[in-house]
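This briefing goes through one protein chain by topic. Please look over the sequence and the fold before reading the points below.

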Amino acid sequence: MWPLRFAIFFLLRGRGGGPSHTMARITAEQEVENLSGLSTNPEKDIFVVRENGTTCLMAEFAAKFIVPYDVWASNYVDLITEQADISLTRGAEVKGHCGHNESELQVFWVDRAYALKMLFVKESRNASKGPEATWRLSKVQFVYDSSEKTHFKDAVSAGKHTANSHRLSALVTPAGKSYECQAQQSISLASSDPQKTVTMILSAVHIQPFDIISDFVFSEEHKCPVDEREQLEETLPLILGLILGLVIVVTLAIYHIHHKMTANQVQIPRDRSQYKHMG
């Protein structure tokens with residue numbers, strides 16, 4: 001399915017492109033492309049980083065940010081906290097770069113009022129079976145402008161704020177595989193707006209920032225534990241039903257065979273006086 005989608009994309013791009021995608025050339029060797037128009041999920045974005053004509057980072061996800069901010073109460077003395085729900089929208093500007101052990105994706109939207117930076121690292125550690133390489137999401141930074149009127153209404157101390165993750169180790173995946181998770185995942189970000197915590201909610205995630213073998217094609221998926229548990233919960237009743245049905249069939253078969261065997265046997269009378277009539 002993926003190769004077909006991207007073949008359509010390149011055909012459109014060869015004809016002059018269209019509003020469904022955005023491409024930015026960062027250097028002569030690097031391209032970053034927003035292919036969100038190819039997604040059937042209107043809330044999901046698709047970003048691709050290519051270097052030297054080869055895909056080196058692919059990311060699909062839906063992202064929403066829950067941002068608390070202060071407004072004046074009706075008495076103009078007290079402060080009350082409101083909440084802005086900011087979703088990553090289509091048509092976003094995207095930048096990124098790939099490295100051997102570190103890759104980065106940056107996304108900007110609403111005239112750069114909002115910016116998301118995701119840093120991925122690949123590292124090795126010694127395990128019982130020998131060296132083991134994994135990659136993970138190591139840092140998230142979200143910059144938002146509370147003077148932007150679409151999501152913020154009369155915010156006190158309106159202006160640019162930065163929210164950062166702290167000691168983050170998320171989306172941990174074996175090297176050479178992509179990370180996939182349909183379930184929602186929350187990441188807390190500490191804001192420069194005093195005593196405020198921004199929550200980043202990711203869903204429908206499919207990301208691979210390293211070791212992509214085929215152009216525009218994810219490697220084997222490493223599913224998140226939540227998805228695996230939900231899949232098990234969905235299939236367990238089916239498995240139990242099949243086992244129960246098999247037990248019933250086997251029981252009926254044994255009963256039928258036993259009944260047939262006993263029906264063909266000579267019945268020995270319990271009254272010994274009837275023995276003389278046998279034979």
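A pocket, as the word is used here, is an open set of grid points where a 1.4 Å probe fits, with protein on both sides within 12 Å along at least five of seven lines. The model is predicted. In it, the largest pocket holds about 160 Å³ of space.

**Largest pocket**
- The lining consists of Glu-43, Ala-62, Ala-63, Lys-64, Ser-87, Leu-88, Gln-184, Ile-201 and Ser-203.
- Two or more of these lining residues come from each of strand E4 (54-72) and E14.
- E4 is the top contributor to the lining, giving 3 residues.
- Sorted by class, the lining is made up of 4 nonpolar, 3 polar and 2 charged residues.

**Chain as a whole**
- The protein chain has 279 residues, and 40% of them are buried.
- Its secondary structure comprises 15 strands and 2 helices.
- Of the contacts between residues at least 6 apart in sequence, 53% link residues at least 24 apart.
- The chain has an accessible surface of about 16,700 Å², and carbon and sulfur atoms account for 55% of that area.

- Strand E13 spans residues 185-191. Its covered face carries Gln-185, Ile-187, Leu-189 and Ser-191, while Ser-186, Ser-188 and Ala-190 are on the uncovered face.
- In a regular strand, side chains alternate between the two faces of the sheet.
- E13 pairs with strand E10 (residues 160-164) through 2 bridges, in the antiparallel sense. Ser-191 of E13 is the bridge partner of Ala-163.
- Strand E14 (residues 197-208) also runs antiparallel to E13, and 6 bridges join the two. In this pairing, Ile-187 is opposite Met-200 of E14.
- E13 and E14 make a hairpin with 5 residues between them. Within the turn, Gln-195 has a positive phi of about 60°.

- Pro-194 is located in the loop between E13 and E14.
- With a relative accessible area of 57%, Pro-194 is exposed, because the cut-off for that class is over 50%.
- Pro-194 and Tyr-69 lie 125 residues apart in sequence, and their C-alpha atoms are 9.8 Å apart in space.

- Ser-214 belongs to the loop between E14 and strand E15 (221-223).
- Ser-214 has a relative accessibility of 39% and therefore counts as partly exposed, the class between 20% and 50%.

**Thr-134, in strand E9**
- Thr-134 is part of strand E9 (residues 130-145).
- Thr-134 is classed as buried because its relative accessible area is 15%, and buried means under 20%.
- Leaving aside residues up to four places away in sequence, Thr-134 touches Val-121, Lys-122, Glu-123, Val-172, Thr-173, Pro-174 and Ala-175.

Key: Residues are numbered from 1 along each chain as its sequence is written. This is a predicted model: local features need pLDDT of at least 70, side-chain atom pairs count only at pLDDT 80 or more; totals for chains, interfaces and linings use all residues. Side-chain values use heavy atoms; hydrogens and water are left out. Buried means under 20% relative accessible area, exposed over 50%, partly exposed in between (1.4 Å probe, protein chains only). Helices (H or I, at least four residues) and strands (E, at least two) are DSSP runs, numbered from the N terminus. Two strands pair if DSSP finds at least two bridges between them. Contact means heavy atoms within 4.5 Å. Accessible areas come from the Shrake-Rupley method with a 1.4 Å probe; for residues, only the protein chains shown count as cover. On a 1 Å grid over the protein atoms alone, a cavity is a set of points where a 1.4 Å probe fits but cannot get out, and a pocket is an open set with protein on both sides within 12 Å along at least five of seven lines; lining residues have an atom within 4 Å of a point. Grid points are joined across faces, edges and corners, and a volume is the space filled by probe spheres set on the points. Ala, Val, Leu, Ile, Met, Phe, Trp, Tyr, Cys and Pro count as nonpolar, Asp, Glu, Lys and Arg as charged, and the others, Gly among them, as polar.
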